[in-house]
Amino acid sequence: MLIVLTSVKGSPGVTTFTVALAANWPVAVRRVVVECDPAGGDLGQRFGLAPSPGLLSLAAAARQSIEANAVWNHTQVLADGLPVVLGPAGGPQARAALSTLVPASSPLRRAAREPGVVMFADCGRMDPGSPAEPMIRQADALLLISGTHSDELAHLATRLQELGRVAARPCLVLAGRGHPTKEVEQELGIPVMARIPYDPAAATSLTGHAVPGRARKGGLTRVAVGVARILAAGRSSIEAPESAVGQHVPGVPPQRVPPCGVRIAPDLHNAAREVGLPGEEVSP
């Protein structure tokens, strides 16, 4: 199973939430986080890990014929035992490695299709023409993580149609303070799967800087647990609402996503309520 996480503007915490989601996956499977950010990876620096093995060593090995299981030879382990394929810190190196590893025939992509494997791909910011775009096209689930200020939502609105055409199962996850969740849903015409609260203590615990066992029980972790449960249930997809009427979010284009656009997993609202996912957070 391949779960891709990405944003379309700024840095709303894609890497942090990728680690939180993988760490709280509710099913006993082989989990691996892969840093596919074309701008370069962060986890190596955050957790004080060696540059290799990682994405670069895997890309070098993939130039020859290797088995999908060889991916595990290029992982390192975070503090809680979570395997990760580290992306290089430099953008040019990351993009070169991705050009080798994103094709469907690559060992990385084949490993994601192995039974009993869940791969969490942190694709960073998804700019047009990103070398990580093929990961989106083959994702079993795509989490679009967005901030909720007007400029962030404006960028999201202009990309929704495009992302809806290339991804089979995109789900919108909001992050931090800004416009209320209900306002965003009404303006964009699609439901929100969850909202990650402003939770610096929990975020710090997922970046290798906090005292273990203290901050992981915050709101960020609760949201990760709930989203993981929804995705692990393997629900099919349905069409997003054709239109919605609500307060206008300043700066966001007024057009709605047409029925042929973004597809959202069904019953997300009910599932989110069942697991107690936070609904909104408003800036002062």
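Which helix holds both arginine 137 and glutamate 133, and how many residues apart are they? Both residues lie in helix 6, which spans residues 133-137, and they are four residues apart, about one turn of the helix. The model is predicted.

- The side chains of arginine 137 and glutamate 133 form a salt bridge, with an N to O distance of 3.0 Å.
- Arginine 137 is partly exposed, at 44% relative accessibility.
- Glutamate 133 has a relative accessibility of 19%, and it counts as buried because the cut-off for that class is under 20%.

**Salt bridge between arginine 125 and aspartate 127**
- Arginine 125 pairs with aspartate 127 in a salt bridge whose closest N and O atoms are 3.1 Å apart.
- Both partners fall in the partly exposed class: arginine 125 has a relative accessible area of 42%, and aspartate 127 has one of 32%.

**Salt-bridge count**
- The count of salt bridges comes to two.
- Side chains of opposite charge can pair when their charged atoms come close.

**Arginine 195**
- Arginine 195 sits in strand 8, which covers residues 192-196.
- Its relative accessible area is 1%, so arginine 195 is classed as buried.
- The side chain of arginine 195 reaches the backbone oxygen of histidine 179 at 2.8 Å.
- A polar contact of 3.0 Å joins the side chain of arginine 195 to the side chain of threonine 181.

Notes
Residues numbered from 1 in each chain as written. Predicted model: local features only at pLDDT ≥ 70, side-chain atom pairs only at ≥ 80, totals over all residues. Heavy atoms only, no water. Helix = DSSP H or I, 4+ residues; strand = E, 2+ residues; numbered from the N terminus. Buried < 20%, exposed > 50% of the residue type's maximum accessible area, 1.4 Å probe, protein only. Polar contact = N/O pair within 3.5 Å; in protein donor to acceptor, adjacent residues only side chain to side chain. Salt bridge = Lys/Arg side-chain N within 4 Å of Asp/Glu carboxyl O.
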